[in-house]
Amino acid sequence: MHFSKAARAVLILSLLPGSLIAQTTHDQAFWQAIAKNHYAVPANQSAAVLAHELSQLLGSPDPQLRDDLAYSIFANWIARPNVLQPSELQALADEWRANMKIGIGESDTNSVLRRSFSALCLSMIAERDAKTPFLGEARYHQLLADALTYLQSERDLRGYDAKLGWIHANAHTADLLQALAANSLLTKEEESSILSAIGTRLSSAPQVYTQGEQDRMAAAVLAVIRRPSFDATAFESWLMRLQDEDKRVWANPLTPETLARYQNHTYFLQALAVRLSLEPDSSRTADFKTRVLGILRTR
């Protein structure tokens, strides 16, 4: 039976023992050379095999390996149509979806790095799929479901660390939801699920986000509400739930956790108001902005 080059690469990866796959055979200088060569795939190398090896670096505690090299190389390879084929991207998407569950529930450990940067790389997969579909309906909806679960389940909310660099799990997952919301496959039920998950994440954080997470969540919400099919009344109801939660903050004894929720809501609404102001003028956008500003005026 004849297999294409892309199919052979995916088949080889699927047959390799897990312990062998996890090994990285190239050093940092190899990946740096790729970055310096405008991210071109080295001669006589398979992009699919290299991508799977590179994927192991998404969990590296070295920010240069994880962020400057692994993420940056993936950002370029995924965006370019002739580097990684659809079947290869599907295999990576399946791997990264699984990564978002590894060590979930842990906090202040390095396991968050693989989860967070897998979500970030999945955002690029989702962005490409929105423009040129290749995931298919089943993978798309499963990816969205896994992203929503991950957003609400992640307990490590660190933004930037002096030693580890960017961690930013919530921001990266918001980026993923933003990209998924641009897809025509998104259903009305899933629109509501995204808003609900973001509302829960804002309300459940035990501390105030300090590295722009609220703004990234605002971008995800904007991607949902700018959809032509989105129900404006659903947005109003969602905003009212946030406002009702905040009213209860002042109706009960204050705690650091309830104050953090109030502040996260405030910074989120401010970010959303600014993003709505930057949208092209329309009566629909103006109405959304009026609703958000109406709440902010009461704070």
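Which residues do ring pairs link into a cluster? Ring pairs join Phe230, Phe235, Trp238, Phe268 and Phe288 in this way. The model is a predicted one, in which local features need pLDDT of at least 70, side-chain atom pairs count only at pLDDT 80 or more, and totals for chains, interfaces and linings use all residues. Numbering starts from 1 along each chain as its sequence is written, and side-chain values use heavy atoms, with hydrogens and water left out.

Searching the whole structure turns up nine aromatic pairs. Here, rings of Phe, Tyr and Trp (its six-membered ring) pair if their centres lie within 6.5 Å, and the planes count as stacked under 30 degrees apart, edge-to-face over 60 and tilted for the rest. Take Phe30 and Trp31: their ring centres sit 5.0 Å apart with the planes at 80 degrees, so this pair is edge-to-face. Phe30 is buried at 18% relative accessible area, and Trp31 is buried at 2% (buried is under 20%, exposed over 50%, partly exposed in between, with a 1.4 Å probe and protein chains only).

Phe74 and Trp96 also make an edge-to-face pair, at 5.0 Å centre to centre and 85 degrees between the planes. This one links distant parts of the chain, 22 residues apart, with Phe74 in helix H5 (residues 63-79) and Trp96 in helix H6 (residues 86-99); helices are DSSP runs of H or I, at least four residues, numbered from the N terminus. Phe74 is buried, with 0% relative accessible area, and Trp96 is buried at 0% as well.

Then there are the arginines. Arg128 sits over the face of Phe134, 5.7 Å from the ring centre, and Arg299 over that of Tyr262, at 4.2 Å. The call requires NZ of Lys or CZ of Arg within 6 Å of the ring centre and within 35 degrees of the ring normal.

Technical notes: Helix = DSSP H or I, 4+ residues; strand = E, 2+ residues; numbered from the N terminus.
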